[in-house]
Amino acid sequence: MKVLLSPDFNEKIPALDADTVSAISQFVLSAENLDRNEFVSKNIKTISNLDGEVYNAKINSSQIYFTIGNDEQGDYLLLL
């Protein structure tokens, strides 16, 4: 699955500690290496569906928000 980062997400990364950045990197790698259903199944204990296609994942002491969608190129995960 393709992973996209919103400008807001990119702005928040420098404020995070190294352990959290590493954990988020692992989360992103997981998304890149799995299809949509496998990704959700693998991370079911970390992910909560908030509303429609908006999700929340608790990673270390942080929470990240994202959406999963698809376009003509396939599935994508957009970190908000």
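Start by selecting N60, which is found in the loop between strand 3 and strand 4; helices (H or I, at least four residues) and strands (E, at least two) are DSSP runs, numbered from the N terminus. The model is a predicted one, in which local features need pLDDT of at least 70 and side-chain atom pairs count only at pLDDT 80 or more, while totals for chains, interfaces and linings use all residues. Residues are numbered from 1 along each chain as its sequence is written, and side-chain values use heavy atoms, with hydrogens and water left out.

Is N60 buried, exposed or in between? With a relative accessible area of 44%, N60 is partly exposed, given that buried means under 20% relative accessible area, exposed over 50%, and partly exposed in between (1.4 Å probe, protein chains only). The phi angle of N60 is near 55 degrees, a positive value in a residue other than glycine.

Strand 4 and strand 5 run antiparallel and are joined by 6 bridges, and G69 stands opposite Y76 in strand 5.

Contact here means heavy atoms within 4.5 Å.

Which residues have the most contacts inside the largest nonpolar core? They are F27, F39, I64, F66, L77 and L79, in a core of 17 residues; a nonpolar core is a set of buried Ala, Val, Leu, Ile, Met, Phe, Trp, Tyr and Cys residues joined through side-chain atoms within 4.5 Å. Helix 2 (18-33), strand 3 (54-59), strand 4 (62-71) and strand 5 (74-79) each supply at least two residues of this core, and helix 2 gives the most, with 4 residues. Centre the view on L79: leaving aside its neighbours within four places in sequence, L79 is in contact with V3, L4, L5, S6, F9, V28, I64, Y65 and F66.

Finish at N43, in the loop between helix 3 (36-42) and strand 2 (47-51). N43 counts as buried because its relative accessibility is 11%, and, leaving aside its neighbours within four places in sequence, N43 is in contact with F27 and S30.

How values were computed: Pairing = 2+ DSSP bridges.
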